[in-house]
Amino acid sequence: MPAMKMNKPLLVFALVLLAGYFLATFLVGQRAEREINALGAALQAQDDIRVTQFEYQRGFFGGTLAYDLSWEPQEAAAVLEALREAGALSEDSLRVRGDMHVRHGPWIGGGFGVAAADTSVALPDELRAALPQYPGESPMLRVAGRITFAGMLAADVRAVDYDGRITPAELGGSARLELKGLQAKLRVTPQLDRGAVELRMERGMVGISEGAESFELSVDGVYLDADGEEARPRLWLGTSGGGFGRVAVTMAEGAFVMNEARVAGNTWMEDERVHSTSTLTFGEATLAGQSLRGGEFLVAVRNLDAAALEELARLSEEFARAAETPDEREAEAAMERFVTQFERLLAGGPSFAIERMSLALQAPDDVTGRFELRVEGATELSAESMDALARALRGEVEFRLRLDAMRYVTRLVAAGQLGEDAAAAEIDRAAAALYDQALQNLRGLPFVVIGEEDVSVAAELSDGVLSAGGAEVMNVESILAGMLRGLVEAGEPGAMMGAGEMNAEAEPLYGRIALEFDFVPDPYAIDVLAGGADDLETLVGEGCVGLVNGARPDLVLSYAAGPNPLYIYASSEFDTTLAVLDPNGQWHCNDDALDRGLDPGIEFVDPAAGDYAIWVGTMEAAMVEAVLSISEFGML
């Protein structure tokens with residue numbers, strides 16, 4: 001039998017190919033190690049991630065990554081606290097740890113790349129106890145990770161579906177969770193300075209029943225697509241889009257449903273100025289049997305100084321850390337740095353605008369509008385410069401309501417007032433009366449124009465004056481200055497220190513206003529920051545409770561009295577109080593007015609003419625947002 005002859009060229013080619021593959025594997029393994037170490041350094045630099053361990057041991061065809069990471073975001077502190085209270089977390093952070101086997105390229109299975117790893121994140125024991133119908137020993141997440149030759153880290157993440165009970169210890173009734181089709185695709189650089197994300201969820205639902213009470217929230221067809229690049233530290237630019245097919249909230253009192261909501265955004269930088277636009281559209285929404293057929297909002301923020309934004313973001317993180325160990329001198333220095341950067345932001349002429357608003361009640365564009373507010377010529381931010389800052393504000397507002405839509409709304413109101421048993425003719429008469437009354441009230445407003453088909457409003461703010469049709473409607477400089485001054489003083493170190501007296505003669509924080517009986521608009525309302533550090537009971541006497549800034553009133557009302565009663569009241573999400581010094585030198589105080597919950601109110605049946613010094617206080621030692629209202633009709 002003749003001997004087989006070896007094909008030497010083929011053998012040489014095979015050896016070269018094999019050597020080349022081993023060399024490529026070695027070089028790719030080195031790159032994989034560099035990329036993974038770069039990722040570890042980027043994680044170390046993140047303020048909200050604590051890296052206990054991130055070590056990579058490289059072999060020839062692969063390696064092992066040992067990791068121990070904790071997510072401790074300031075912004076999500078409330079979320080983590082809720083998870084702890086529900087028994088889903090036992091630590092102060094969301095922690096992941098373990099070992100991951102990494103395969104080196106160039107061939108990583110299914111394609112070419114630097115490295116690949118398939119791993120899973122186990123369901124924490126606390127969560128497994130709360131999800132009794134969780135499938136076996138399935139992990140919480142399955143992750144397929146890749147490092148591409150383009151220098152990107154890619155991860156496909158899928159959550160295990162769940163449809164069953166949830167049993168937090170604090171829940172006396174029953175609860176159910178459904179989670180289906182939750183998955184995400186992430187693409188980031190190892191330096192975490194550029195990336196993209198795709199998020200999808202077919203359905204999410206949580207339902208709670210406790211006695212006669214029930215609550216259910218469901219969301220279908222959720223999606224999010226975003227890509228961005230860190231142009232400066234903490235300043236990201238890029239595009240995003242997201243939405244859902246349907247969201248529903250169901251309670252015993254009724255249900256809210258919204259269909260086909262979408263939002264798209266774009267943030268970019270030009271000449272060291274950051275600009276951003278967002279568009280929100282939504283389909284039909286129903287609440288308590290009433291429907292809104294859809295709407296659209298286009299919102300824009302322009303001319304934000306990029307360097308100032310970067311520094312303000314850094315200072316915000318600094319404030320969050322300093323809050324744990326307060327130092328008065330450091331807080332004062334940090335506030336000075338914050339004000340300096342905010343002044344720089346103002347000097348750039350920033351603007352905020354709702355460039356388009358459209359609502360469809362029965363037909364498209366039943367309600368349309370536009371609003372813009374910008375700053376021109378402001379360079380200083382301090383308690384003493386608030387008047388100038390108020391005059392630097394410029395704004396325009398346009399609003400249009402079709403009369404057919406107004407008739408539609410008044411009929412809905414009439415039907416609600418008369419009840420289900422009312423006849424159609426009765427509802428029609430009541431609706432016509434409401435419509436005529438609404439038109440009559442609108443005719444008394446100087447900035448409203450009533451046409452043949454619509455009601456429109458057009459007004460502008462300039463030099464502290466709100467005007468319409470060339471006529472002054474309201475001098476708002478003192479009101480705006482007071483609001484801005486309150487915001488500044490609320491943030492100044494020592495702002496919560498007590499004044500030790502109630503000084504009704506001092507310049508009011510939100511200015512002085514003059515109203516004559518039968519004034520319009522009624523109620524007259526302004527936004528205020530309520531609270532302070534002076535105890536009303538100590539300074540005014542028994543029957544007055546709460547904390548205020550006694551150094552000066554929030555507002556002084558110069559009232560020309562007539563035959564009408566006078567009502568002064570406040571509204572807030574928090575527990576607020578009122579103290580009023582009337583023209584006769586008598587104090588009037590209230591904490592919780594009748595039928596107003598925690599909101600205060602004072603009625604003057606036969607009001608005296610003159611100055612009313614008004615303080616809005618709080619029951620807790622904190623500054624809170626509130627609305628102070630003055631009326632002759634009653635308290636809303």
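Helices (H or I, at least four residues) and strands (E, at least two) are taken here as DSSP runs, numbered from the N terminus. The model is predicted, so local features need pLDDT of at least 70 and side-chain atom pairs count only at pLDDT 80 or more, while totals for chains, interfaces and linings use all residues. Residues are numbered from 1 along each chain as its sequence is written, and side-chain values use heavy atoms, with hydrogens and water left out.

**Helix H7**

Helix H7 has 16 residues and reaches 22 Å from its first C-alpha to its last, close to the 22 Å expected at 1.5 Å a residue; the expected span is 1.5 Å times one less than the number of residues. Gly419 follows H7 and has a positive phi, near 95°.

Buried means under 20% relative accessible area, exposed over 50%, and partly exposed in between (1.4 Å probe, protein chains only). In H7 the buried residues are Leu403, Ala405, Met406, Tyr408, Thr410 and Ala414. An α-helix has 3.6 residues a turn, so residues three or four places apart point the same way. The cover over the buried residues of H7 includes strand E16 (290–292), E20, H8 and E22, where contact means heavy atoms within 4.5 Å.

**Salt bridges**

A salt bridge is a side-chain nitrogen of Lys or Arg within 4 Å of a carboxyl oxygen of Asp or Glu. By this rule the structure has 30 salt bridges. Three of these pairs are described here, beginning with the one that involves H7.

Asp428 and Arg411 meet through their side chains at 3.0 Å, N to O. This pair links distant parts of the chain, with Asp428 in helix H8 (residues 424–443) and Arg411 in helix H7 (residues 403–418), 17 residues apart. Asp428 is partly exposed at 39% relative accessible area, and Arg411 is partly exposed at 34%.

Asp454 and Arg400 form a salt bridge at 3.0 Å, N to O. Here Asp454 belongs to strand E22 (residues 454–462) and Arg400 to strand E20 (residues 393–402), 54 residues apart. Asp454 counts as buried at 19% relative accessibility, whereas Arg400 is partly exposed at 26%.

Glu202 and Lys180 form a salt bridge at 3.9 Å, N to O. Because Glu202 lies in strand E10 (residues 194–210) and Lys180 in strand E8 (residues 174–180), the pair ties together parts that are 22 residues apart in sequence. Glu202 is partly exposed at 48% relative accessibility, as is Lys180 at 40%.

Salt bridges with shared partners also join Glu372, Arg374, Glu376, Arg394, Glu396 and Asp463 into one network.

**Aromatic pairs**

A pair of aromatic rings is described by the distance of the centres and the angle of the planes. Rings of Phe, Tyr and Trp (its six-membered ring) pair if their centres lie within 6.5 Å; planes under 30 degrees apart count as stacked, over 60 as edge-to-face and the rest as tilted. The structure holds seven aromatic pairs, and two of them are tabulated.

| Pair | Centre to centre | Angle between planes | Class |
|---|---|---|---|
| Phe60 and Phe61 | 4.9 Å | 80° | edge-to-face |
| Phe604 and Tyr612 | 5.2 Å | 75° | edge-to-face |

Phe60 is partly exposed at 34% relative accessibility, and Phe61 is partly exposed at 46%. In the other tabulated pair, Phe604 is buried at 7% and Tyr612 is buried at 1%. Ring pairs also link Tyr559, Phe604 and Tyr612 into a cluster.
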